[in-house]
Amino acid sequence: MNMEKKDIKSLTLPQLEEELAARGEKKFRAAQMYDWMHVKLARGFEEMTNLPGSLRERCKKEYFYTSLRAVNVQESKIDGTRKFLLELPDGNLVESVWMKYKHGNSVCISSQVGCRMGCRFCASTLDGLERNLLPSEMLDQVYAITLLTGERVSNVVVMGTGEPLDNYDNLMVFLRMLTDENGLHISQRNVTVSTCGLVPQMRRLAEEKLQITLALSLHAATDEKRRRIMPIADRYSVAELMEACRYYFERTGRRITLEYSLAEGVNDGDEDAAQLARLAKPLRCHVNLIPVNPVKECDFARAQAPRIRAFQNILEKNEINGTIRREMGRDIDGACGQLRRKRMSGQRDIGGNEAC
Ligand code: SAH
C-alpha cells in the first residue's frame, strides 16, 4: 500500500466534500462519489460512470482505494455459514464470517490483523498484533461480503480477530460510516462491539452517543480465575469492569451482553454459574454462553453438553437470560483466527475451498 496516498474510503462525507472542494470540485461530486463507495459498493473509481473521466483519473492517481479480495471461502453444509479469508491491500489476511439468521444476515468482522491481548484459548492472538485495520478495511469486509453473497447485511458484529477497543479511533470512524444514512445505513442497534474489557475505552465508548450493543468477554466471575484465562485481567479487576458496564448502561440505556466461553473444568462449575449470575443480575445483562472451540496450541477443552445445560439452568433460576450460542459453521473450521493461521503457515485448508 502506498501510505502517501490518502485512503479515500475512510473519509466521512463532510471530509470528502472538503477534500474535493480543495481540488476545485463541486459539492455534489462528493455525494456522488460517497454513494458509489458506500452504497453501490464500487470496487474502484473506474466503476463510477457518472463522474467525469478526468476526475476519475485524477482520483486514481491521488487516492488509495481499498478493495478486499476473497482468497478463500468455506461454506458450511449444516447452516450455510460462510467464512471468508480476505486479502488486504498490503497482502495481510483477515477473516470475516457471514451468518444467515431468520431475522437477517449477519457479518462478523475483524478489527486488527492479529491481536495483542493474549487470551489463552484464542487462536487470533498466538502471533501477536501485526497492525490495526483502517476504517475502510473494516467497512470493506462488509462490502466485499455483500457483493460476494448478493444479499443485504443487516447485522454487524465486531467479534472477529483483534480487540476493537485497542483500535479505538479507527473503530469509531468505521461505526459512524457503517451506520451513516448516506452509506449502508445499518441500524446502530444491529451492531455489536465485543471487548475483552479495556475499561477506559469502555467508558469513552459510553460517551459516544451510539446505540450499539457492547459485549464484554468476561469468561470468569472472579479476578483469580479470570487472570488464568486472560492477561488483561491483570490490568482491570472484575469490580472495575462491572462498574464500567454499569456506566455504559446508564449513559446509553443499552444492556450489556456478557460473553462467557465455557472450558471444561476451568470455568464451567455450578459455583462459577452462581457467581456469574450475581454479577449479571443487577445490570440485567444478557449472557451468551460459548462452548470453547478447542485450539491446537491451547490446552482448553470444550465443556460437556450436560454441564453447559446445568450452567444455563443456574442462570435461569437466577432470572438471567443466558443463551447458548448456536455454533454456526461448526463443520467448516475451528475458532476464529484459525483459518488465517492455517493459510499463513501454508497448510492445506480443510472443507470447501471455492477460491474466488
Ligand atoms: N477481542 C474481542 C473480540 C474478539 S473474540 C473480545 O475479546 O471480546 C470474540 C469472542 O470469542 C470473545 O468472547 C472471545 O473470548 C471468544 N473466543 C475466542 N476464541 C475462542 C475459542 N477458541 N473458543 C470460544 N470462544 C472464543
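**The sheet**

In what order do the 10 strands of the open sheet lie? In this predicted model, where local features need pLDDT of at least 70, side-chain atom pairs count only at pLDDT 80 or more, and totals for chains, interfaces and linings use all residues, the order is β3-β4-β5-β6-β9-β10-β11-β12-β13-β14, with mixed pairing. Residues are numbered from 1 along each chain as its sequence is written, and side-chain values use heavy atoms, with hydrogens and water left out. Helices (H or I, at least four residues) and strands (E, at least two) are DSSP runs, numbered from the N terminus, and two strands count as paired if DSSP finds at least two bridges between them.

The edge strands are β3 (69-75) and β14, each of which pairs on one side only. From one strand to the next the twist averages 20°, with axes taken as lines fitted to C-alpha atoms, for helices over the stretch in contact, and angles running from 0 to 180 degrees between N-to-C directions.

Strands of a sheet pair through backbone hydrogen bonds, either parallel or antiparallel. Here β12 and β13 pair in the parallel sense over 6 bridges, with Thr-257 standing opposite His-286 in β13. The pairing of β13 with β14 is also in the parallel sense, over 3 bridges; Val-287 stands opposite Gly-322 in β14, and Asn-288 opposite Thr-323 in β14.

Of the 6 residues of β13, 5 are buried, so this strand is largely enclosed by the rest of the structure; buried means under 20% relative accessible area, exposed over 50%, and partly exposed in between (1.4 Å probe, protein chains only).

**Helix α10**

Helix α10 (residues 305-317) has 13 residues and reaches 18 Å from its first C-alpha to its last, close to the 18 Å expected at 1.5 Å a residue, where the expected span is 1.5 Å times one less than the number of residues. Its buried residues are Ile-308, Phe-311, Gln-312, Ile-314 and Leu-315. Seen down the axis of α10, these residues fall within an arc of 155°, so they line one face of the helix; the arc is that of the directions from the helix axis to the C-beta atoms.

The buried residues of α10 pack against β12 (257-262), α9 (270-283), β13 (286-291) and β14 (322-324), contact meaning heavy atoms within 4.5 Å. On the face turned away from the buried side, α10 carries the exposed residues Pro-306 and Lys-317.

**Helix α8**

The 15 residues of helix α8 (residues 238-252) should span 21 Å at 1.5 Å a residue, which agrees with end C-alpha atoms that are 21 Å apart. Buried residues of α8 include Val-238, Leu-241, Met-242 and Tyr-248, and what covers the buried residues includes α6 (199-206), β11 (213-217), α7 (223-229), β12 and α9.

**Positive phi values**

Most residues other than glycine have a negative phi, and most peptide bonds are trans. Glu-319, in the loop between α10 and β14, has a positive phi of about 60° although it is not a glycine, and at 66% relative accessibility Glu-319 counts as exposed.

Leu-41, in the loop between α2 (27-38) and α3 (53-62), has a positive phi near 55°, but at 5% relative accessibility Leu-41 counts as buried. A glycine, Gly-253, follows α8 and has a positive phi near 75°.
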